Amino acid sequence: MLPLPGSPSSSWAMFRARLNAVFAGADVRVCTAFWLFGLVNNVLYVIILSAALDLVGPDVPKAIVLLADIVPSFVIKLCAPYFIHLVPYSFRILLFAAISSWGMLLIALAPPYTDGGTITAKMAGVVLASLSSGVGELSFLGLTHYYGPFSQAAWGSGTGAAGLIGAGYYSITTTSIGLSVKTTLLASSFLPLVMVMGFFLVLPRGPLRKTGSPQHRNENLDHEEEYGDILDREDRGLLANPEEWSTTSIRSSNPAMKSTTWQTRFVHDLRRSRGLIYPYILPLMLVYFAEYLINQSVAPTLLFPLDKTPFTEYRSFYPTYATIYQLGVFISRSSLPFIRIPYLYTMGALQCLNLLLLILQALYTIFPNIYIVFVLIFWVGVLGGLVYVNTYANVSDDVPEEEREFALGAVSVSDSAGIMLSGLVGVVGGVEEGLCAWQVGRGKDWCRRL
């Protein structure tokens, strides 16, 4: 984008012209609304994880909070695409905003563990917030179908900003300003109202009205599809070519055609979702698995002697890694208007390579200083963000229009599946504990000083 010094095009006027060309056709209201949707829908997840220690205390594994924060989201993303089209978007927004706020209020108002309170009510609140976040993500991604590529780019940027803003909000309010955990969480319970205002006051409603409601389109599809065609296509294999999806919406001219049952519709939707597995769901799940295994289990063991780092205590390593990672995620999730990288499996392989290199670093210190590790952690965030936004951009490009809304929602299960799998591997496999024990056995007890 930036002109090269000394080149004929090296003028800011030319740069501004190119920048304007990139954003030609972008609607400020649409971009603002979807950026806010991405920010608020994801920021509560980040705040909850940032508050994990304060929520459950030092004696309860923090993976409990992670699993409570991700498993409900995974389940709802797995199931909701098959029935969520029956619920109007306006009602969905109100519903999951209410559930999010309710969940955060439960977390905030439950007695803290220091006063003898149990974690049951807090975990119930985490589950509610997770359910809302899951159905919110698949709904907003489906909604981008009506508002074009800039809505998708704005959503991705908002989700990337959620990591930086969420972690920074919790740290500043509880540490710098000195607010209590309860007050901080109570204040965050009002954030879902931003989504409601964004939908009803900022987002132009014209595209939704112009294309018709999801229910109406699906009723038409049900009356126009042939049952035999669906069952015939079901036998074509687990991973059908996405180019064949358009045949599931073939309009028959047979006047004797009957309306299909809900069972037939469900079979059809299962068939459509299976066609998404190989090209989109698997690469995104792979990237998130490697990414979150690094974040949860490997990063806490990437330590150096303090005199060779900019830190004065070992507990500073992990928050710094997290901030650098979130910066990479934000930059890459905001890159969609400028760069498209369709090679999802290649980026997945690179993320797995990052995982291998950082495990080797924890075991053998293959990199001599922490600044190389900083670069690698930043690269982990960049790759994760790139795969996220490019996966959904590829879906929008590749999937026929009549299938696109369903596909965008169905693919959203990928990141939750990858995070959940990495959490289970980290906990059951004892990855962090194993790496720490290896280091202690070789005279590097830094991981015990956190």
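Biologist: Among contacts in the protein chain with a separation of 6 or more, what share comes from residues 24 or more positions apart?

Modeller: First, a heads-up: this is a predicted model, where local features need pLDDT of at least 70 and side-chain atom pairs count only at pLDDT 80 or more, while totals for chains, interfaces and linings use all residues. Residues are numbered from 1 along each chain as its sequence is written, and side-chain values use heavy atoms, with hydrogens and water left out. A contact here means heavy atoms within 4.5 Å. For residues 24 or more positions apart, the share is 81%.

Biologist: Where does helix H2 bend?

Modeller: H2 covers residues 28–50 and reaches 32 Å from its first C-alpha to its last, close to the 33 Å expected at 1.5 Å a residue (1.5 Å times one less than its number of residues). A bend is the angle between axes fitted to the seven residues ending at a residue and the seven starting there. In H2 that angle is about 30°, and the place is Val 43.

Biologist: Which residue caps the N-terminal end of H2?

Modeller: Look for a side-chain oxygen 2.8 Å from the backbone nitrogen of Arg 29. The residue that supplies this oxygen is Asp 27.

Biologist: What kind of aromatic pair do Tyr 89 and Tyr 146 form?

Modeller: Rings of Phe, Tyr and Trp (its six-membered ring) pair if their centres lie within 6.5 Å; planes under 30 degrees apart count as stacked, over 60 as edge-to-face and the rest as tilted. The whole structure has 19 aromatic pairs. For Tyr 89 and Tyr 146, the centres are 6.2 Å apart and the planes at 85°, which makes the pair edge-to-face.

Biologist: Is Gly 158 buried or exposed?

Modeller: Gly 158 is found in helix H7 (residues 149–176), and its contacts beyond four places in sequence are Trp 35, Gly 38 and Leu 39. Buried means under 20% relative accessible area, exposed over 50%, partly exposed in between (1.4 Å probe, protein chains only). Gly 158 has a relative accessible area of 0%, so Gly 158 is buried.

Definitions and conventions
Helices (H or I, at least four residues) and strands (E, at least two) are DSSP runs, numbered from the N terminus. A polar contact is a pair of N or O atoms within 3.5 Å; within protein, one must be able to donate a hydrogen and the other to accept it, and residues adjacent in sequence count only if both atoms are side-chain atoms.
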